[in-house]
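I opened a new entry for this chain.

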Amino acid sequence: MKAMKRLLERAKRSRKTQRLRQLLDRAIDRIRDTLAGPEPRLQPVPVRVKRRKG
């Protein structure tokens, strides 16, 4: 029982870190793109994050 709970916790945590890493990568890519672009972009590019309740 305890081991199962521990495994579940670890899986949950890894999923969370994976999600965070993905978001970070996306943000970094966007910053790089805006810096690489010749003209200054004033409109922020919307970030779509799907939040799941559960």
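Burial. I looked up burial first: 2% of the 54 residues of the chain count as buried (under 20% relative accessible area; exposed is over 50% and partly exposed lies in between, with a 1.4 Å probe and protein chains only). The model is a predicted one, where local features need pLDDT of at least 70, side-chain atom pairs count only at pLDDT 80 or more, and totals for chains, interfaces and linings use all residues. I number residues from 1 along each chain as its sequence is written, and side-chain values use heavy atoms, with hydrogens and water left out.

Surface. I noted an accessible surface of about 6,000 Å² for the chain, 58% of it belonging to carbon and sulfur atoms (Shrake-Rupley method, 1.4 Å probe; for residues, only the protein chains shown count as cover).

Fold elements. I found 1 helix and 0 strands (DSSP runs numbered from the N terminus: helices are H or I with at least four residues, strands are E with at least two). Helix α1 has 35 residues and reaches 51 Å from its first C-alpha to its last, close to the expected 51 Å (1.5 Å times one less than its number of residues). The number of buried residues in α1 is 0, so the helix lies largely in the open.

Charged pairs. Side chains of opposite charge can pair when their charged atoms come close. My search of the whole structure gave 2 salt bridges (a side-chain nitrogen of Lys or Arg within 4 Å of a carboxyl oxygen of Asp or Glu).

E9 pairs with K12, with 3.8 Å between the closest N and O atoms. The two are 3 residues apart in α1, so about one helical turn separates E9 and K12. E9 is partly exposed at 40%, and K12 is partly exposed at 45%.

D29 pairs with R32, with 3.7 Å between the closest N and O atoms. Both D29 and R32 lie in α1, 3 residues apart, about one turn of the helix. D29 counts as partly exposed at 40% relative accessibility, whereas R32 counts as exposed at 52%.

Surface charge. Which residues form a positive surface patch? I list K2, R6, R10, R13 and K16 (patch residues have over 30% relative accessible area and no salt bridge, and like charges are joined within 9 Å). Lys and Arg count as positive, while His and the chain ends are not counted. The place of a charge is NZ for Lys and CZ for Arg. K2 is found in α1, residues 2-36, and K2 counts as exposed at 72% relative accessibility.

Technical notes:
Patch = residues over 30% accessible without salt bridge, like charges linked within 9 Å, V, L, I, M, F, W, Y side chains within 5 Å.
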